[in-house]
Amino acid sequence: MVRTASAAGSRTGKVVHGTGRRIRRATSAEGAGESGLAKLIELHALNSFGDMLITVALASTIFFSVPTGEARGRVALYLLITMAPFALLAPVIGPLLDRLPHGRRAAMAMSMLARAVLAWTMAGTVAGGGLALYPEALGVLVASKAYGVVRSVVVPRLLPSRLSLVKANSRVTLAGLLATMVAAGVGGLLHLIGPGWPLRGAFLVFVVGTLMAFHLPHKVDSAKGEQRAVLHAEVHAEAAPGAEAATGAGAAAPKASLRTVGPSVILALRAMSALRWLVGFLVMFLAFLLRDDPVGGLQPTLALGLVALAAGTGNALGSVLGSWLRTRGSEATVTAMLLLATCATAAAALWYGVVTVVVVAAASGVAASLGKLALDALIQRDVPESVRTSAFARSETLLQLSWVAGGAVGILLPLDGALGLSVAAAVVGLVLLWTIRSLFKVGVRRRAGAPRVA
């Protein structure tokens with residue numbers, strides 16, 4: 001028995017070691033290991049793993065453990081609380097990143113450490129599900145969203161010469177999605193031991209993440225050439241007629257700012273806000289709808305599982321497609337994703353059933369994932385490097401606010417599948433028309449220009 005156990009342990013160790021080596025080889029490909037992007041990919045996977053463990057613990061307490069009516073009130077309160085981190089991020093986190101760019105590694109580490117402490121504290125209160133759980137959950141959300149904004153700012157600093165920003169972001173996102181899927185299973189198993197065990201697991205994950213954040217390259221904290229910026233759609237001053245001649249004649253170059261970000265980025269940001277709104281709406285609306293009235297006569301757990309699987313698969317597919325995406329025609333890409341989401345949502349409203357609900361979940365996942373990568377490509381193409389990191393911080397904040405707004409609408413609407421999906425189709429359809437109109441004005445660049453450097 002000892003020899004058998006020893007042999008089994010040896011085989012398991014070899015499998016684990018081999019798997020770790022293959023993961024490290026994949027994350028370090030195409031120069032990502034030399035640039036430090038591989039370390040960020042691994043850190044983001046760890047972050048997603050920990051966040052999912054906390055989500056499993058909260059969902060079991062706030063959503064599944066009480067009747068639908070009471071759960072709806074609890075989730076509405078939880079969603080209302082989630083507005084606080086977004087309201088804080090917009091006026092505080094962005095300017096703070098502009099003023100204190102040298103502390104990005106410390107900011108990511110502190111977000112991990114804060115969630116480690118809060119996860120350990122929540123492990124003692126989650127079983128009762130009392131009001132004390134909500135301020136603790138608020139702290140977790142603030143730290144998580146702050147990490148997300150800082151991470152989006154850090155990626156361009158670790159970009160290898162052989163990778164585009166689109167590919168780099170798709171790798172980071174895909175690593176997070178894979179880690180989330182694994183964490184969902186691990187969290188479910190830990191929950192069988194007790195409601196606090198997923199949170200204790202999250203504590204360990206975030207402690208490791210705190211240490212890993214300080215192992216990111218020092219250039220993450222570099223602020224060379226960066227300036228503050230404000231999102232606004234105007235034509236680039238340096239692209240204006242005669243600007244080049246004036247500069248050549250000795251005139252001072254215009255100060256780079258996001259007031260000159262250009263209409264293409266605004267077009268994509270508007271479209272992505274609608275897609276994030278749709279994702280937030282579907283998450284909240286379908287969660288309660290399928291629990292109260294499962295589609296096709298399925299069991300509630302099975303119906304929710306199918307939708308979650310479809311959405312996760314769509315997100316992963318969008319990230320994989322993003323690794324092949326070039327910066328050509330990014331305006332058309334994000335418009336096409338909005339069209340896909342609109343058509344899928346309208347079809348689900350007209351022919352509400354198992355197939356259409358699964359399709360709209362998958363389509364929204366693909367559209368949101370690939371659309372975000374197209375937006376990143378446009379920011380890389382059109383925004384000068386001196387304000388590019390600030391652009392990522394502010395755009396991410398706006399997209400997160402859109403998700404919360406969509407979730408709020410999903411909670412407030414009556415639990416009627418055709419009605420809710422019709423409202424969603426109308427909202428994204430209106431934004432689609434607006435986007436198409438803007439697309440004709442902007443046009444589509446067929447050649448990918450080099451990243452702008454101020």
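Modeller: This is a predicted model, and the protein chain averages a pLDDT of 76, with 68% of the residues scoring at least 70.

Colleague: Where in the protein chain is confidence lowest, and where is it highest?

Modeller: The lowest mean, 39, belongs to helix H9 (residues 243-248), whereas helix H8 (residues 197-213) has the highest, at 93. Over residues 233-258 the pLDDT is below 50, although the model gives this stretch 36 contacts beyond near neighbours in sequence. Residues 446-454 also stay under 50, and for them the model has 21 contacts beyond four places in sequence.

Colleague: Why does Arg151 count as buried?

Modeller: Buried means under 20% relative accessible area, and Arg151 has 14% relative accessibility, so Arg151 counts as buried. Arg151 lies in helix H6 (residues 133-154), and, leaving aside neighbours within four places in sequence, Arg151 is in contact with Leu40, His44, Met108, Asn169 and Val172. Across the protein chain, 52% of the 454 residues count as buried.

Colleague: What makes Met110, Leu113 and Val117 a nonpolar patch on the surface?

Modeller: A patch takes residues with over 30% relative accessible area and no salt bridge, and nonpolar side chains are joined within 5 Å; Met110, Leu113 and Val117 form such a patch, with about 270 Å² of accessible area together. Met110 is found in helix H5 (residues 104-122).

Colleague: What does the secondary structure of the protein chain come to?

Modeller: The protein chain has 15 helices and zero strands, and of its contacts with a separation of 6 or more, 88% are between residues 24 or more positions apart.

Note on methods: Residues are numbered from 1 along each chain as its sequence is written. This is a predicted model: local features need pLDDT of at least 70, side-chain atom pairs count only at pLDDT 80 or more; totals for chains, interfaces and linings use all residues. Side-chain values use heavy atoms; hydrogens and water are left out. Helices (H or I, at least four residues) and strands (E, at least two) are DSSP runs, numbered from the N terminus. Buried means under 20% relative accessible area, exposed over 50%, partly exposed in between (1.4 Å probe, protein chains only). Contact means heavy atoms within 4.5 Å. Patches are made of residues with over 30% relative accessible area and no salt bridge: like charges are joined within 9 Å, nonpolar side chains (Val, Leu, Ile, Met, Phe, Trp, Tyr) within 5 Å. Accessible areas come from the Shrake-Rupley method with a 1.4 Å probe; for residues, only the protein chains shown count as cover. A salt bridge is a side-chain nitrogen of Lys or Arg within 4 Å of a carboxyl oxygen of Asp or Glu. pLDDT is the predictor's confidence in each residue, from 0 to 100.
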